[in-house]
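Subject: Structure handover

Hello,

The structure is below, and my notes on it follow. Please read them alongside the coordinates.

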Amino acid sequence: MERKKLWFLFNPTSGRGQIRVHLVDILDTFAKAGYEVTVYPTQGKEDITRLLPQHAGEYDRIVVSGGDGTLNEAVTGMMHCDAQVPLGYIPAGTTNDFAKSLRIPASMPKAAEIAANGTYFACDVGEFNEERFIYIAAFGAFTDVSYMTNQKLKQVLGPAAYLLEGAKRLVDIPSYFMRVEVNGEIIRDYFSYGMITNTISVGGAKNMTGTDVDLDDGLFEVTLVRTPQNPIQTSEIMANLLMPRDSDTPHIYSCKTDHIEIHCEEAVPWTLDGEFGGDQKDVRIINRRGRITFVVGQQEIAESSES
């Protein structure tokens, strides 16, 4: 009987390079699950995005390991594949926001077990102009924290490094006058921060996107923060973002939608899954429902909105 084929691509530098400690155990897990394994350590940025459309169809399962940026590369690559191959994920970054949403454990051996033997979950994917994102597209205050934070600081301090870098942004909050088209409504206002998400965790913090989040409902959670006029409003906004938001506040516009357009006369820097997404004046974001099939645990996603 011909063995199933699995392609394991991993970022050797993610999360302090911890993959090196667990690599043998991970490969052993795949072999015990009946897979013939091909291993590829990434050689540079967008390596996975380039390789997957060329070779993914040759395998029965793709598994990637790295941080949120590595996962974004994999999703982008899979979106350009003719074959819809199930995608397993072993988180190895600093915050691993989307792994938390998928309820994939931080333990790499346990995550490998799920990647090899889990069940399928058809997850929504975001289309951002010509780019893709799996869990967040954001602009404004704090969005550059992830890719501007010193890599060595991330390795030493972990998530605390993001908090230190983010604190610096409080002294100079940007403001953009935008025209937002969403759900048949047009909103014109000054915004300092915005995020279009499909996740229960942002920057390691849960509930910022609300408590009613489904990753496969074809809808994004939209959060647009109006520019604060004084320190009191700034404090109210920060407190509201960090607490479960089940009630409206005049400082934050929120809704659910399957598409949104945002226009600004000046170029606005965006991030996609924690990586720089370019300076954009006009943005069109569309939800592609159930576009990527992830491999997850038996009960993991069904419980994601309940905790």
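The cover over the buried residues of helix H5 (residues 108-117) includes helix H1 (19-32), strand S2 (35-41), strand S3 (61-66), strand S4 (87-91) and strand S15 (275-296). The residues of H5 that are buried are Met108, Ala111, Ala112, Ile114, Ala115 and Ala116. Buried here means under 20% relative accessible area, exposed over 50%, and partly exposed in between (1.4 Å probe, protein chains only). Contact means heavy atoms within 4.5 Å. Helices (H or I, at least four residues) and strands (E, at least two) are DSSP runs, numbered from the N terminus.

This is a predicted model, in which local features need pLDDT of at least 70 and side-chain atom pairs count only at pLDDT 80 or more, while totals for chains, interfaces and linings use all residues. Residues are numbered from 1 along each chain as its sequence is written, and side-chain values use heavy atoms, with hydrogens and water left out.

Overall figures: the chain has 9 helices and 15 strands, and 52% of its 307 residues are buried. Its accessible surface is about 14100 Å², with 51% belonging to carbon and sulfur atoms; the areas come from the Shrake-Rupley method with a 1.4 Å probe, and for residues only the protein chains shown count as cover. Of the contacts in the chain with a separation of 6 or more, 74% are between residues 24 or more positions apart.

Helix H3 (residues 68-79) is largely enclosed by the rest of the structure, because 12 of its 12 residues are buried. Among them are Asp68, Asn72 and Glu73.

Next, the nonpolar cores. A nonpolar core is a set of buried Ala, Val, Leu, Ile, Met, Phe, Trp, Tyr and Cys residues joined through side-chain atoms within 4.5 Å. The largest has 56 residues, of which Phe30, Leu52, Ile62, Leu87 and Phe294 touch the most other members. Apart from it lies another core, of 24 residues, including Cys255, Ile262, Cys264 and Val283. Beyond four places in sequence, the contacts of Leu52 include Ala74, Gly77 and Met78, which are among the buried residues of H3.

Asp124 and Gly218 are 94 residues apart in sequence and 6.1 Å apart in space, C-alpha to C-alpha.

A polar contact of 3.2 Å joins its side chain to that of Arg288. A polar contact is a pair of N or O atoms within 3.5 Å; within protein, one must be able to donate a hydrogen and the other to accept it, and residues adjacent in sequence count only if both atoms are side-chain atoms. Arg288 is also one of the residues that Asp124 touches.

Finally, the cysteines: the whole structure has 0 disulfides (pairs of cysteine sulfur atoms within 2.5 Å). Cys123 is buried at 0% relative accessibility, and Cys264 at 9%.

Regards
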